[in-house]
Structure formats: structure tokens, C-alpha cells
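Have a look first, then we'll talk.

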Amino acid sequence: MIGILHCCSGASLEIASGTILLSLIFKHFRALSAIYPKYPVLIMANLNQKKYPAKDDFPNFEGHKSLLSKYLTADMYAKLRDVATPSGYTLDRAIQNGVDNPDFHLGLLAGDEETYTVFADLFDPVIEEYHNGFKKTDNHKTDLDASKILDDVLDPAYVISSRVRTGRNIRGMALSPHVCRSERRAIEKMVSEALNSLAADLKGKYYSLMKMDEKTQQQLIDDHFLFDRPVSRHFTSGGMARDFPDGRGIWHNDKKNFLVWINEEDHTRIISMQMGGNMKEVFERFTRGLTEVEKHIKDKTGKEFMKNDHLGFVLTCPSNLGTGVRCSVHAKLPHMAKDKRFEEICTKMRLQKRGTSGEFTESVGGVYDISNLDRLGSSEVEQVNCVIKGVKVLIEMEKKLEKGESIDDLVPK
Amino acid sequence: MASFSRSMFSNGNLKKVTLVAAAAAGVGLGIAYASRQQVQAGMNKSVQFPASMNYPDLKKHNNVMASHLTPAIYAELSRKVTPNGCTLDECIQTGVDNPGHPFIKTVGMVAGDEECYEVFKEIFDPVIDERHNGYRTDQLHPTDLDASKIRGGYLDPEYVLSSRVRTGRSIRGLSLPPHCDRAERRMVESVVCRALDKLSGDLNGRYYPLNQMSEQEQQQLIDDHFLFDKPVSPLLTCAGMARDWPDARGIWHNDAKNFLVWVNEEDHTRLISMEKGGNMKAVFDRFCQGLNEVESLIKSEGWEYMWNEHLGYILTCPSNLGTGLRAGVHVKLPNLSKDPRFDDILEKLRLQKRGTGGVDTESTNGIFDISNLDRLGQSEVQLVQRVIDGVDLLVKMEKQLEKSRPINSLMPK
């Protein structure tokens, strides 16, 4: 302040005192213990960070196995550390999940739709490697035409149940790692109201988790309807467990074969399921329900789903981009389970096996959850048909092993 | 005033005044704009909802924060941010996510930086008042680390198995564990370790960073009961204190293994003095010596502890304000602990019992962890003296009961 004065003229006493007064005000501007921004302020970036060079903040990735640790260079971090998306999501928040868990495969989460473009330098190579060479210039294809699904009904002696799920996020709202309580509640209201206007075999009811007792909650989890409480490291490190169970709930139709999870990892997870192996029927109801929900939301609120030509449907975890579809069966394959080639066979057929309580669980009684590996770069129809074809092969193999026969000629090259 | 303005606005000075005013306005706008930009950088801007829509649902909650956070206070304080960018939501997240225990009332909020206690005082003050059994906003906290004032302090080693004093210290100018970024946390580690390195004599020791520890070192520290683990309690993880683990965390201890410092666990530092037996005087002597020496060492580099005359030493959890001191013993009281008056006696002596595994554990073999209840409003010397006098009395009572003699005359008023 004084410096400016000296440049302009010889400082007279009046000007000097005026300036001192002003500079006292400015000195205490920062020391005044609060800043009063225009909007209610929620979770923020650490403003001290700018005092430190980016290299002092760069995470220690020693022993880390994630794609995050592979692609986030010190230069990239320096370039992106002080950048934020329009809703205020930062790189640090996006990578916390991976920084805290050296064993995770991906390690990144989006906090809003713009995360994928603002931090494209990091997300693009991770997406390319995770999704088998899907380049940043590639376009994804959407195809929800149920008539194209193979007619084969999978043998109910082996296939206990069939299920298709996807996720949809509402454009203009932050995603679960970044969303605040008011947004989450608005999403809950918007989606449950749209669902409550569904009719016929899709007619159903919304159950808010805030109002549900523990016993009912556990029953719904055990029935494989309700998502687990967000206690896993994936949820807690990523900030997705905040405020649980506020704004969370489940909607399902009276027949309990069409369900929507609200505010779990994504704004909505839409699920169609039934006992037995008629995947085509499952998918038909899935697409019908999806289309109606989308229409109702658009009509009532004017809002649409997050989607673009390049990435398809935009979801919180980059692993779910594209179709966001996981098409799965619970299948009894106790003999296959003992075959050392089981995992490799699944992978060759673009399938993934899991335990029956979902991701990261173990198989019980030789029953496996078999689903599609791919999400991005192929359509919904292609992915569902891939599961149908693959499970058919697995059942043939199981039957052969039951009879003590070899499956060598069935094993895909 | 009139002559001042006349001379200010005389022709010759008018130009200078305008220049100064313009410069001042420019700087002022610049600061405001920069602050606003910084503020908006982290803020969830997609939120255009009034604060009332973001108010957490605390109906099922039983923690101190929930008892005092009204919608009006929430609305007022969510418009504020500390100069380091910490928000109210960050402070209360742990209390929102952890409704609490029916029997143990947790605090339910933490501070992200020193300024939180001032910027959000409308909620911190009543929380502190309740948690510390009545502490007015105009009260001053006494600090006294003059160990020479202790009387006695040689507790009977037949009964007192070990003695320990711990406290916490935070480095002024650096954010606290819920809010700090990696660069700040590393700075804490560097500042503290440089000071600890210079300790000598019976305080000569060594630092073991968590992420560089060898298997052997790790096992030794576990056997010595020194090693701390990644926090698993949701009270801590929901507050964001486990982020980036184990980056910049470590343990320092002296060669004699009776003075120990934890770096970047729940607070910037936790300092612990301990030894087997009942010589609490020696433990407290060494405690004060260590604390005072570390303080003068960090001061010589231009750093200081967070402290003020109202709240004493500033720590992450409001329950540790004041002295942050827990002075305790492991003491054998198999007879006294069975006496129905035990809890009442402890209460009157302002002492607290815990199992020997620390907080939330049960006693084994009649051995209890007995420590001071209070932290704020009394000095370190006063609190340690109370523990010494109290434990002396408890041991006297135990000896009487052993010989089946009454203890009525020994009962505290």
C-alpha cells in the first residue's frame, strides 16, 4: 500500500494515515475469522494447499497397484491439483479412494459429470486401460431393444436366478462422493415420485431407509433386494457413506421383480430380476421400466440422465461407464468351481465370477454369480447376449464334469 | 475532521487521493474476488438450496453436537468458512454419520483447524460447555507445567503397576487431521521430527515413520505397546482422519522407552510419558521436561503450539481441550472395585475408570485404568495432583478392605 503511494507522489500525512487505516483493514481481512460466501458452503477444498508446491502434496504410491498410481504423474498432479469442476470437486477428492487403498484396481471416483472432462488427462488413460483399449476418441453405442435378445432360456436346474442392473444419474446434480444432503434428498424425492407413477406390473412403493427399522432392512438385504450398508473401504474412503441413511431408499414393484436403489453409489440403480433362467423376460421388463422412469422424470421435473456419445451413461465409478449394465445369473457350478481353469474360461468369454453376496464376496455351496465383464464399447444387447451364450457354455461344461467327462474341447481358445 | 477533509480534497491532493482510493478499491476488490474464487473452488456450487434443506436429520442421534445444533445455528454457520476453507459440515460429519451410543454420549464433532473454534463458536461453545461439565465462554483456562509443584507422587508399586501421562499438541498455522492435506501433514511431521531429533540426554531418541518401518521394528514396537494402528473406529474415519494413511505418520521414542510421541494420528502430536510402577512424580517430571523442550525447539524455528487463554491447548476433539491431559495408572483394586460405592467414590474424586485395554474395554483381574475425568478448567499440575491424591486414597481403601476393615472414615466428601 505504502509502495503505491511512494510511486504516485510524496506522501502527505493525510494520505499516509488514510492508507494506514485502509491497510489495517486489509491486514485483518484475512484475520477476520470468517469469509461470507454467497451460497451455503458445504465441504470445501483446503485453502492452505495453495501455499505448498504440488510436489509436496503428491501422494506416496509405493506399493500401490491401482491404475490411478500408474497414470497419475507428478506433472499431471501439479497441473490439475488447483483446478476444480464447476460444482467444486477437486482432483484430491477424486483420487482419495485410491490413495487410501493401495490394493484397489481403479482408485478414482467422479464427483459430478464434469469430472470426466476437467480431469480427462487422468481419467482418459485409466478408462482406456480398464475398458480394454477404449480410446478418448471412441464413441459408445447404446441399444436397449429387447427384441434382439437371444430366446434361449437358461436351464433352471443350474440357473437359480437372473438379473440385469444398471445405473442412472440425474444431470445437474453432484454424484455420491460429492453430493450434499439437500441434493440427495431432492434426488430421492424426484425419483421416488416418478416411480410412484408407474402402473400395471410395474406398480410399486418407495421405502425410505431413514424410516425403516433394522430388522426390515436386514431382511431386504438377505433377500438380495437391498444394498449393503456402505461400510466397505470403497464407500467410506470415497466419501459415499456420508450422512447414511439420509436420502437413501429402495423402491420396488408389488411383484418384487423390478427394483430401484436410490442414492447408493449412483443416484439410481435400476434392477430387474426373477427366479429361473429367462433372461429375455428380465431384460424386457428392465428396458420397459427404464424408459418409463426416464420419461416420468423428464415430464415431471424436466431433468434428464447424464449421458454423452463418448462415454455413454455417466456413472460414479469409471468401471460402470458405457451401459452401466451388469447382467448376471446365480448358477450352481460346483464342479466348474473345482476346475483350475474356471477363472480363465470366464475371462475368455468376457465373463466375471463373484460370490453370491455380491462384489468381493466368496461363493457359498458352489453357487456363483456370473456376469458380463464389459461395460463400455459394446451395447446393452451385446452384453446381455454375451452372458446368455457364456452361461450356456458353462452349464454344458458343468454337465460334462458331472458325468466325469472332459471339457477340453469346450474350453474357449 | 473538517480541516482533514478540506486538505484531503484540495486540488493538489485530489489526484493523489483518487489514486489511493482507486488503488485501495482495486486491492480490496482483488482480495474479495480472489477469496470468492478460492471459496468457490471447493464449494459444491450446484447447490442452490436453502440451508434448511441441507440440515442433517438428527432425530435418532445421541451425541453432544446433535443436542445443540438447531436449524437456526446450522443456517447461520453454513454461510461461514474458516480462512483455511474448513466448513461446518466438515466439522459435524462424524456426528451425523455416527448417531451415538445409548449409554455413552460422544461429542459428535471435531475441529478442522484452530479457527473453527472461533468461526463456529455458536455450536462449539455449547458443546464444550456440556462436554466439560459447565465451562462459560468468559472462563480462562490455567496452564501449569511446573512439575516441581507436585506433592508426593510415589504411589505404592505393590498396587500401582504402571503410571502414564499423555497430552496432545497442535502446530499453529497447519490444519488439523480432519482437514489437512498431504503437504500440511508432511510439514507437521517435518517440524516435529526436527525438534525431536535435537533432544538429548535421557530424552535422546529416534523416529520411526509408519510407511518405512521394517518388519522387525514393527514387531518390537508392537511388543512395547507403542505402535498405533490405522484408526478403524467410525468416529475417527468419518471425520476424515484416516485419509492418506500411513503417509506422514510415525512414532518417536527415547532410548529409555519412557517418552513417546505419536505423529499425525488423531492430533498433530500426542506426547506420552510412562513407566512401570507408581512413580507418577518421575513420569510427570519427564513429561513436563519433554513438552517444554520440544516447545522451545519448535519456537526456535518460528513455529508454536495452538493455544489461547480461553480454551488452553487446541486439539482436534473438543473433549481434549484445555490440558488435553490424561494422567492415569494401572492399579490393582480387586476388593474396592466390588464395593457398591466404587463408582461414587471415583466420581467424587473426579476420576474415571477404564479397562486395561484403554477406552471401551473391560477390567481384567480387578486391574483398572484410573485417570482424571477433567481436561479443561484446571491446570496440568492440579489434575495430576488429583490423580496422585485420589489413587493414594484408593490404595488405602483397598488395603483396608483386604484386611476386612471398614473404609467409612476414608470416604471422600
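A: Let's start with B:Asn264, which sits in chain B in the loop between strand E4 (259-263) and strand E5 (269-276). Helices (H or I, at least four residues) and strands (E, at least two) are DSSP runs, numbered from the N terminus. This is a predicted model, where local features need pLDDT of at least 70, side-chain atom pairs count only at pLDDT 80 or more, and totals for chains, interfaces and linings use all residues. Residues are numbered from 1 along each chain as its sequence is written, chains are lettered from A and ligands numbered from 1 in the order in which they are written, and side-chain values use heavy atoms, with hydrogens and water left out.

Q: What is the phi of B:Asn264?

A: Most residues other than glycine have a negative phi. B:Asn264 isn't a glycine, yet its phi is positive, about 60 degrees.

Q: Is B:Asn264 buried or exposed?

A: Buried means under 20% relative accessible area, exposed over 50%, partly exposed in between (1.4 Å probe, protein chains only). B:Asn264 is buried, at 3% relative accessibility.

Q: What about B:Asp244, and where does it lie?

A: Look in the loop between H11 and E3 of chain B. B:Asp244, also not a glycine, has a positive phi of about 65 degrees, and it is buried with a relative accessible area of 3%.

Q: Which residues does a cis peptide bond join in chain B?

A: Most peptide bonds are trans. Here B:Trp245 and B:Pro246 are joined by a cis one, omega about 0 degrees.

Q: And where is A:Pro245?

A: A:Pro245 is in the loop between helix H11 (233-237) and strand E3 (249-253) of chain A. The bond to A:Pro245 from A:Phe244 is cis, with omega near 5 degrees.
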